[in-house]
Amino acid sequence: MPQTAQVHAETRAAKERSPFVNAISEFWKSYRKNKPALFGTGIILVFILLAIFANFIAPQGINDQNITNKLQAPSAAHWFGTDDFGRDIFSRILFGARLSLRVGFLAVIGSIVVGTLLGILAGYFGKVLDVVISRLFDILLAFPSILLSIAIVAILGPSLNNALVAIAIVNVPVFGRLVRSRVLTVKEEEYVVAARSIGMGDMRIIFHHILPNSIAPIIVQGTLNIATAILDAAGLGFLGMGAEAPLPEWGKMLSDSREYIQNAPWTVLFPGLAIVLVVVGFNLIGDGLRDALDPRMKN
Amino acid sequence: MLKMSDPVLKVEGLKTSFFTDDGEVPAVGGIDFEVKEGEILGIVGESGCGKSVTSLSIMGLLPSPPGKIVGGHIYYQGEDISHAKESKMRKLRGNEIAMIFQEPMTSLNPVFTIGEQLEEAIKLHNQRLPKKEIENRSVELLKRVGLPRAKELLKEYPHELSGGMRQRVMIAIAMSCNPKVLIADEPTTALDVTIQAQILDLMIKLNKETNTAIIMITHDLGVVAQMCQRVVVMYAGKIVEEGPVKDIFNHPKHPYTEGLIQSIPDLHGKKERLYTIKGSVPKPGSITKGCLFAPRCEFVMDKCRVNTPELSGGEHKSRCFLHQEQGRKEVRT
Ligand SMILES: Nc1ncnc2c1ncn2[C@@H]1O[C@H](COP(=O)(O)OP(=O)(O)OP(=O)(O)O)[C@@H](O)[C@H]1O
Ligand code: SF4
Ligand SMILES: [Mg+2]
């Protein structure tokens with residue numbers, strides 16, 4: 001039977017590959033069936049490529065002004081039209097992608113690192129530390145995230161980097177709580193008790209059992225949070241608390257153009273569309289990851 | 001008196017409580033027993049009688065809070081370890097005293113291969129062993145616990161193995177450092193009958209080969225009959241009967257033990273219906289006066305509700321007034 005022979009060959013091949021590669025291929029099998037997630041991945045890949053190659057793709061620089069050419073409707077020369085300084089909106093959006101993606105990734109990585117550390121301290125070592133850290137999270141989460149970011153930026157001074165720091169701080173409790181609850185669950189798992197029963201110490205248990213079993217939910221939450229981080233950065237930019245002129249940050253572009261919304265709607269439309277696409281893209285990926293990773297997490 | 005070899009593990013008046021929102025729950029209420037080198041000791045009792053709490057107390061693995069050893073001593077080779085430092089316990093665990101658990105499905109980490117987990121266990125207590133040597137030892141351990149295709153198994157994940165295979169892997173991990181005492185907390189409860197028998201045979205074989213003492217925790221006296229030399233019967237956090245397995249099967253001296261014996265399936269051929277002891281284990285600490293078994297006992301007397309019987313007798317002890325009066329006959333069935 002050629003078919004069973006093939007199946008055998010396949011399982012044998014699967015056995016011979018490294019466990020890590022196996023896990024990835026298993027994940028991909030389930031992820032690729034998820035059409036919306038693939039769509040989201042497509043969007044984000046396109047944005048990442050555009051951001052990386054912005055220098056080569058963009059017809060103009062971010063601050064090439066041409067006042068005589070201001071507020072031009074989209075045309076062959078200016079695909080997305082021009083703004084009130086006569087700058088090419090398409091070019092600005094490409095460079096803006098760099099800013100937004102950078103803020104999104106860096107802020108989330110920062111939150112994950114700090115949140116994971118605090119979550120482990122709280123969940124694993126517990127007691128007083130847990131009370132202190134958990135209260136801190138509660139307090140941070142009691143404020144609407146954008147208000148808290150505004151307050152932090154107000155203290156640090158408005159700039160894109162400070163907005164990034166603010167967003168990272170605001171999102172720390174999201175990961176802190178997630179990791180803490182994973183730690184509490186995994187800590188009680190029989191395999192952790194079993195590991196301790198053969199003499200494994202705390203650090204090894206944390207790195208060998210608890211972190212590996214927390215990575216999947218962190219990745220899912222992280223992806224979803226990139227979307228909110230980008231949205232928050234745009235919000236701060238819109239409020240004048242983020243990127244400063246002439247940086248082509250999308251939120252800033254929106255707020256700078258809002259008086260032209262009637263006469264030159266493209267000045268608002270395209271930055272807005274860029275934000276929406278990126279946010280939707282990351283959300284779709286996040287949902288897809290959750291669906292693909294979760295069954296493996298049900299121990 | 002007979003000169004007996006010294007016990008490797010001796011538990012003396014062990015009391016373990018959980019401090020919950022509803023107050024102190026005395027899960028283990030003062031128990032004494034000992035295990036000699038190479039011996040297989042059974043601990044039986046219904047669910048909730050404190051068997052697991054006893055073993056976790058010995059291992060120093062009580063969930064704390066809320067669990068705490070509030071009294072008594074645990075001697076390992078003569079040294080009291082009941083309040084030993086975590087660093088000291090970590091050296092003992094695996095190396096000297098190891099444990100296997102009830103659920104082979106959950107006692108392996110789902111995200112690592114069998115090999116990774118087995119090698120990790122070997123490395124824990126043999127840091128300087130070369131990689132090749134560790135791998136050889138893993139393969140050998142898997143073979144020793146009767147697992148075929150050992151080399152391939154090393155690369156497989158726990159979910160690719162059956163329950164029986166996983167329990168064998170757990171035994172391999174527990175035996176990886178040649179412990180002197182192996183605590184097996186209902187190692188076969190989650191497995192079906194044929195697999196159960198194979199695992200028990202494996203444990204007997206390992207006991208003979210390595211002279212590792214085994215504390216076999218179970219709620220099934222059938223398992224005890226198959227494996228153990230001596231047995232301790234626990235009820236509601238206390239020992240109610242203790243002695244050589246043969247004596248206890250032939251002349252049980254506590255109505256509870258008798259009930260357990262009658263509820264063994266298929267011991268005397270097919271039974272129409274399995275005997276069950278009426279009622280259920282009282283909540284720890286809920287009975288403060290008299291015999292703990294009185295509410296369920298067929299032979300209950302007036303004094304059972306007032307006075308608390310002591311554990312008494314020679315080699316074969318029981319905690320029941322029926323057997324503490326001189327000349328009293330055996331309990332009728
Ligand atoms: N984490 C805990 N918190 C509070 N009480 C507990 C806890 N763990 C155990 N107990 C108490 O200890 C008692 C004994 O539990 P234990 O797990 O030792 O029973 P067991 O004899 O092992 O039963 P089983 O056969 O079901 O495994 C239980 O009745 C319960 O009330
Ligand atoms: S002491 Fe009394 S109640 Fe307790 S087991 Fe013996 S006969 Fe039954
Ligand atoms: Mg138990």
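**A walk through a two-chain model**

Hi everyone, let's start with the largest pocket: 40 residues line it, and those nearest its centre are Arg196(A), Leu61(B), Leu62(B), Pro63(B) and Ser64(B). A word on terms: on a 1 Å grid over the protein atoms alone, a pocket is an open set of points with protein on both sides within 12 Å along at least five of seven lines, and lining residues have an atom within 4 Å of a point.

Before going on, please keep in mind that this is a predicted model, where local features need pLDDT of at least 70, side-chain atom pairs count only at pLDDT 80 or more, and totals for chains, interfaces and linings use all residues. Residues are numbered from 1 along each chain as its sequence is written, chains are lettered from A and ligands numbered from 1 in the order in which they are written, and side-chain values use heavy atoms, leaving out hydrogens and water.

Back to the pocket. The space in it comes to about 1,200 Å³, where a volume is the space filled by probe spheres (1.4 Å) set on the points. Which elements supply at least two residues each of its lining? From chain A they are helix 5 (89-125), helix 6 (127-142), helix 8 (160-188) and helix 9 (190-197), and from chain B helix 1 (51-59), strand 4 (67-76) and helix 2 (86-92). Helices here are DSSP runs of H or I with at least four residues, strands are runs of E with at least two, and both are numbered from the N terminus. The lining has 18 nonpolar, 10 polar and 12 charged residues. In this scheme Ala, Val, Leu, Ile, Met, Phe, Trp, Tyr, Cys and Pro are nonpolar, Asp, Glu, Lys and Arg are charged, and the others, Gly among them, are polar.

Now to the sheets of chain B. One is an open sheet of 7 strands with mixed pairing, in the order 6-7-8-3-9-10-11. Strand 6 (97-100) and strand 11 (317-318) of chain B each have a single partner strand, so one side of each lacks a neighbour in the sheet. Two strands count as paired if DSSP finds at least two bridges between them. Strand 6 of chain B runs parallel to strand 7 (residues 181-185) of chain B, with 4 bridges, and Ala98(B) has Leu182(B) in strand 7 as its bridge partner. Helix 1 of chain B packs on this sheet, touching strands 3, 6, 7, 8 and 9 of chain B, and its direction makes about 145° with that of strand 6. Helix 6 (residues 163-175) of chain B packs there too, touching strand 6 and strand 7, at about 170° to strand 6. Contact means heavy atoms within 4.5 Å; axes are lines fitted to C-alpha atoms, for helices over the stretch in contact, and angles run from 0 to 180 degrees between N-to-C directions.

A further open sheet in chain B has 4 strands in the order 2-1-4-5, with antiparallel pairing. Its edges are strand 2 (23-36) and strand 5 (79-80) of chain B. Strand 1 (residues 7-20) and strand 4 of chain B share 8 bridges, and Lys15(B) stands opposite Gly71(B). Helix 1 of chain B packs on this sheet as well, touching strand 1, strand 2 and strand 4, at about 110° to strand 1. Strand 1 and strand 2 of chain B are joined by 11 bridges and form a hairpin with 2 residues between them.

What surrounds ligand 2? Among the residues around it are His254(B), Cys291(B), Cys297(B), Cys304(B) and Cys320(B), each with a heavy atom within 4 Å of it. That shell has 11 nonpolar, 1 polar and no charged residues.

Finally, chain A, with 13 helices and 0 strands. Most residues other than glycine have a negative phi, and most peptide bonds are trans. Leu71(A), though, has a positive phi of about 50°, in the loop between helix 4 (54-57) and helix 5 of chain A. A cis peptide bond joins Ala245(A) and Pro246(A), with omega about 5°.
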